[in-house]
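Please open the model in a viewer and keep the selection panel at hand.

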Amino acid sequence: MQEHVIVLGGFESAYMKKLALYFNSRLDDHTRVEIIRELRDCGAQDTGMAWIGSEDFIRGIRSMKEDSSCIVLAEETSEDADHVFRYQPCERLYQKVMVRYRQMFGISAVSAVGTKQEWIVITADTAMDSLLAFSVIGAQILGERAGVLYLNLSECSGMEEAFLLERGMDLADVAAALQKEDEVCLDGCIRRLEQMDYIMPPVNPMILHELREREVRRLIQAVQQKEDYAYVVVALGSCCCGCELIFRTAARIFHLSGKGYLSDCSRKERYQFIRLCLGKQETPVEQVDAPPLPPGQGGVHLIHEWQEGMIGRAVRNCLDREVNM
């Protein structure tokens, strides 16, 4: 197998050493990161090499090697095919760089990174208000570690109103492509909210119940092809057709419940349904008492308030604890 080299340059020595150490700890045995401090040290070899660094460094490389594969670690937040914002967590930076790197050399995600997309499904019976908060906070926390896509598949989730989001292309547009068996391109529907990417839930919640099992399978496959996401967080409030496929895709399932006799009854029925969907698959279903939500008004600030409050601590504890199969 061909050896691939990522050459890093143009920054202060301590920063490059830290970044190279992190990347090398995540890469497979056939790819490595090296550091050069001066352009004159870049050498003549260019086969299988990617150049990553500051604007000035990459400009110098391109003047010497016109056909080089280059990625700029930019000071500006706007990103494109060969520009990645420099100031973000190492894992997030790594994921974005590797997506571009793999595209340059036609390398599969498995061979280059050796990681698998992890799906986390959060469902609820009576505690529907906590479903939105718990799942969004979970996606925000995971977004500090790596790329996250958030999908809310619950009826009238309240997401648009809670965070004062602008309406645009949403899950209904994805569903239309799924139903027509067109090629599914999620990019036009994906937007950014703090530490997570998301697709807006549909205005008409009946869309969720019009999806058939085949279409849910195609939706899962389309998401799994998005290699820049290490995590997918799904808020699943509706028992839509094909929801068993979503449960079976999950590495972890969190089941939120309220308190009281009727909540206990609903929790038992929902738990039995989830286990029926899973069949012989031993995915852990972790029972969680829905944390209380503080009063608040709509806006992105809700996310920060929740993260710093009781529900934020509860979500972080759930994500960090060991899973008992």
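The stops below begin with a strand and end with the nonpolar cores.

This is a predicted model, in which local features need pLDDT of at least 70, side-chain atom pairs count only at pLDDT 80 or more, and totals for chains, interfaces and linings use all residues. Residues are numbered from 1 along each chain as its sequence is written, and side-chain values use heavy atoms, with hydrogens and water left out.

Select strand β3, residues 49-53; strands (E, at least two residues) and helices (H or I, at least four) are DSSP runs numbered from the N terminus. Because 5 of its 5 residues are buried, β3 is largely enclosed by the rest of the structure; buried means under 20% relative accessible area with a 1.4 Å probe, protein chains only. M49, W51 and G53 point one way, A50 and I52 the other.

Now select L236, which touches, among others, V121, L153, F247 and R270, not counting residues up to four places away in sequence; contact means heavy atoms within 4.5 Å. L236, V234 and F247 have the most contacts inside the largest nonpolar core, of 38 residues. Such a core is a set of buried Ala, Val, Leu, Ile, Met, Phe, Trp, Tyr and Cys residues joined through side-chain atoms within 4.5 Å. Finally, select A133, L142, Y231 and C318, which are included in a second, separate core of 37 residues.

Conventions
Buried < 20%, exposed > 50% of the residue type's maximum accessible area, 1.4 Å probe, protein only.
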